[in-house]
Amino acid sequence: MDISSSTKLYGIFGHPIGHSFSPPMHNAAFQKLGLNCVYLAFDILPQNLSAAVNSIRQLNIQGINVTIPHKQDIINCLDEISDEAKYTGAVNTVKNNDGKLFGHNTDVGGFLKDLEVELGIREFSEISACLIGAGGAARAVLSGLCISGTKKITIINRTKIKALELANYFLKRFSSIEINSADLKDHSEIKKCLENSNLLINSSSAGMIGHDPLNIPLESLPKNSCVYDLVYNPKETELIKQAKSLGHRSAPGLGMLLYQGAESFEYWTNKKAPIDVMKKALGNN
Ligand code: NAP
């Protein structure tokens, strides 16, 4: 890659950021299309977010992905956000249009695409989902499930009040869907939730490298259910191992990372993302 004075800069803001697979994925795509662009990872502490967002304008950074823990807080620092970002309440992609910053959410589309590719889920009217987590990623998953017409969703979180607040936020827009909340620590309540589900999604950080594995009574999920884990580092979490051993269809979050990345790439460059090259770059991590 030849860096010159006209090289365009892209990147990702997060904290911590060492786990991110986005730099090799986007750099491989830029290289494949012969674009004079480079993508870097920036470790941004929460108290520095606003200054970091200003630097997008000042350094003329063309586009930024946003990850833990900034997806919600960044909204207040932007000039405009897309409808997807609005009803999700989270932004994972920022585009710099001559100093004006637009926020968008490509996690929603990335999640739905991978659910279809890996688990064959296209029709949601018979889906009763349990969703672990109530952070930025959970918002994208909830948006995807709600716009696709999921019948019933239970949000399960370590801090129950956050699950309740998220359920209320989505109920305002999707009043016809049954959305409940539950406490991750209450195993008898979780057992009942799982018994009445056919899709379990982990959108919490549990199971991610450096975090404890997810502790839930997975044996309560009915046979032949689906389990999707947004965590992609490690590539196979304890949850996915357990789901496989119980005979459920399962998939890790690497595909979602790929498809949300491809959508961000196209949003920034207006060029078709080289999916195969991006997938290969992820596989090498
Ligand atoms: P976030 O906004 O910081 O939210 C983290 C969530 O995880 C909160 O609900 C938190 O619960 C919960 N949590 C943290 N540690 C936990 C533990 N040990 N046990 C149980 N729950 C725990 O983060 P995020 O942006 O939503 O990201 C969450 C995960 O999704 C990360 O692993 C991230 O890499 C992954 N992700 C993957 C993709 C993809 O493309 N595959 C996209 C986005 C995110 P409290 O409310 O109690 O703190």
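**A mixed sheet and its helices**

Strand 5 is mostly covered, with 4 of its 5 residues buried (buried means under 20% relative accessible area, exposed over 50% and partly exposed in between, with a 1.4 Å probe and protein chains only). The model is predicted, so to speak of local features a pLDDT of at least 70 is needed, side-chain atom pairs count only at pLDDT 80 or more, and totals for chains, interfaces and linings use all residues. Residues are numbered from 1 along each chain as its sequence is written, and side-chain values use heavy atoms, with hydrogens and water left out.

Helices (H or I, at least four residues) and strands (E, at least two) are DSSP runs numbered from the N terminus, and two strands pair if DSSP finds at least two bridges between them. An open sheet of 6 strands shows mixed pairing in the order 2-1-3-5-6-4. Its edges are strand 2 (37–43) and strand 4 (80–81), each pairing on one side only.

Within this sheet, strand 1 (residues 8–14) runs parallel to strand 3 (residues 63–66) over 4 bridges, and Tyr10 has Gly63 of strand 3 as its bridge partner. Strand 3 in turn pairs with strand 5 in the antiparallel sense over 3 bridges; here Gly63 stands opposite Lys95 of strand 5. Strand 5 and strand 6 are antiparallel and joined by 5 bridges, with Asn96 partnered by Leu101 in strand 6. These two strands form a hairpin with 2 residues between them, and Asp98 in the turn has a positive phi of about 50°.

Helices accompany the sheet. Helix 1 (residues 22–32) lies across strand 1, strand 2 and strand 3, at about 170° to strand 2 (angles run from 0 to 180 degrees between N-to-C directions, and axes are lines fitted to C-alpha atoms, for helices over the stretch in contact). Helix 2 (residues 49–58) packs on the sheet, touching strand 1, strand 3, strand 5 (93–97) and strand 6 (100–104). Helix 1 also meets helix 10 (residues 275–283): their axes come within 8 Å and cross at roughly 145°. Contacts (heavy atoms within 4.5 Å) link residues including Met25 and Ala29 of helix 1 with residues including Val277 and Leu282 of helix 10.

Overall, the protein has 10 helices and 12 strands. Its C-alpha trace spans about 60 × 35 × 35 Å along the principal axes, and 55% of the 285 residues count as buried.
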